[in-house]
2 protein chains.
Amino acid sequence: MISDTKKTQAQAITEEIRALILNGTFHPGEPLRQEALSEQLGVSRTPLRHALQSLAEDGLVEMIGFKGARIPLIDQAMTRDLFEMRLLLEPLALRSAFGHHTKLDFAKAEMALDAAEGEQKPSRLSELNWEFHHALYAPSNRPTLLNTIQQLNKASALAEVIATSIVARPEKSAAEHRGLLQACRNGNEDDAVAALSEHLRLAHHDMQNGTK
Amino acid sequence: MISDTKKTQAQAITEEIRALILNGTFHPGEPLRQEALSEQLGVSRTPLRHALQSLAEDGLVEMIGFKGARIPLIDQAMTRDLFEMRLLLEPLALRSAFGHHTKLDFAKAEMALDAAEGEQKPSRLSELNWEFHHALYAPSNRPTLLNTIQQLNKASALAEVIATSIVARPEKSAAEHRGLLQACRNGNEDDAVAALSEHLRLAHHDMQNGTK
DNA sequence: AAAATCAGTATTGGATACAATTATGATATC
DNA sequence: GATATCATAATTGTATCCAATACTGATTTT
């Protein structure tokens, strides 16, 4: 074994619960009981609580005092804020990455797009969506900026799933992604940023219409 | 008692530890041992771990798999990202709040400035600093946006303390704050945004010079 | 009848004991 | 002498038990 990074149980079930949420097992407003969830996942309540706290950071659950955790109710104001912030921060990341992209970066981005082609599972689609964007932003070498952007993306994911837009407009999203990637490969920075901005605007717009 | 919101122990000691960190009890790179900290604060390790996780969200500590928590090493790249993001997001919040400010909002902001006048404790100065900015942004009624901005402010706080700029330039910062507040009271949006942006730029600049 | 009160129950937060992982240092090996 | 290996200790993560809080529904009170 080359790299054996031990993963803690809490981290592992965090991803499991994230998938459960994004795949629609739980609905907005629904409470998450610790005992039920922990025995369902086969762990004790201790790591579960850590997992819930992690998910709360990303806005996928809400934790209230002694009252427990629940899936948050997403409203238009929240999604508007999320996309407006992404619209400010992601172009900065893309611009910072420009000139540092390697063939490998583009290949990673393309792999994510290919993998998303036939995918149905919302949780997996969200992962691949981030993989694509991350591949284009990572060469900026600005981990703090990327970290915030990733948080916003994770929070957006729940909103997108609820609006069912992530599964309802896969071909549109794919086309936008391909166009963005092509602009990056061409080395046309302004075109790429324009494509990215338009992509975010369209995603937000289609969410509000609620293709559900 | 009008409002009796029960606070969990974890939340309480989160603030205590935050103060310890910002007041320089721990230094960058220094590890935080769970048993030592928990007995020092008079609680068990269970709520302490929750507190550490909360602080990790705000970037005040780093938690690494089975290896423990430590105060992160702040570098120039990180502070640059933090301030560049704030420079994009905070003007948006201020503009959104414009036209919704009440006398009470301005009073709150002024109280924070007055309280900061003779204050020495870095942790308290950070709190008051945020109270001031929050008072001016809150009328925007955009909790999601404000939440992200607050996170960035908390992360900046550690960087500022380490650079000692938060205690080294109190009079400069105070003057900038007063100017910003006056522009808001005058209802001059562009002036206010300009003052805010300049304030952030100066804070960042003085940090890099390292008045330490 | 509506509202307040007060059991009892359900659920979360915290303390303690235990298991898993990592760090340390001495010994062996080349 | 440097490096590898193994046992030991130090530290973190997890399970379980207990305490504190919130919820529920019936009863009382106005």
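This is a predicted model: local features need pLDDT of at least 70, side-chain atom pairs count only at pLDDT 80 or more; totals for chains, interfaces and linings use all residues.
The relation between the two protein copies is considered first. In general, two copies of a chain are related by a rotation about an axis and a shift along it. Here, chain B is superposed on chain A by a rotation of 180° with 0.0 Å of shift along the axis, and the RMSD is 0.1 Å. The two copies are therefore related as by a two-fold rotation axis. The contact surfaces agree with one another as well: 100% of the interface residues of chain B are also interface residues in chain A, so the copies meet through the same surface.

The interface itself was examined next. In contact across it are 23 residues of chain B and 24 residues of chain A. The size of an interface is often given as the accessible area lost when the parts come together. For chain B and chain A this buried area is about 2,300 Å², with 57% of it on carbon and sulfur atoms. Within chain B, the residues that lose the most area to chain A are His50(B), Gln53(B) and Arg142(B), which together account for 23% of what that side buries.

Arg142(B) also takes part in a salt bridge with Glu84(A), in which the closest N and O atoms are 2.6 Å apart. In total, 4 salt bridges are found across the interface of chain B and chain A, and 11 residue pairs are in polar contact between the two chains. On the side of chain B that touches chain A, the elements giving two or more residues are α3, α4 (76-97) and α7 (143-162) of chain B. The largest share of this side, 9 residues, comes from α4(B). By class, the residues of this side of chain B divide into 10 nonpolar, 6 polar and 7 charged.

Sugar and phosphate make up 76% of the atoms of DNA strand C that come within 4 Å of the protein. The elements that give two or more residues to the surface near DNA strand C are α3 (45-57) of chain A, together with α1 (9-22) and α3 (45-57) of chain B. This surface has 6 nonpolar, 7 polar and 5 charged residues.

Key:
Residues are numbered from 1 along each chain as its sequence is written. Chains are lettered from A and ligands numbered from 1 in the order in which they are written. Side-chain values use heavy atoms; hydrogens and water are left out. A residue is near a molecule or strand if one of its heavy atoms lies within 4 Å of it. Helices (H or I, at least four residues) and strands (E, at least two) are DSSP runs, numbered from the N terminus. Ala, Val, Leu, Ile, Met, Phe, Trp, Tyr, Cys and Pro count as nonpolar, Asp, Glu, Lys and Arg as charged, and the others, Gly among them, as polar. Copies are superposed by least squares on the C-alpha atoms of residues with pLDDT of at least 70 in both. Contact means heavy atoms within 4.5 Å. Buried area is the accessible area (1.4 Å probe) that two parts lose on being put together, summed over both. A salt bridge is a side-chain nitrogen of Lys or Arg within 4 Å of a carboxyl oxygen of Asp or Glu. A polar contact is a pair of N or O atoms within 3.5 Å; within protein, one must be able to donate a hydrogen and the other to accept it, and residues adjacent in sequence count only if both atoms are side-chain atoms.
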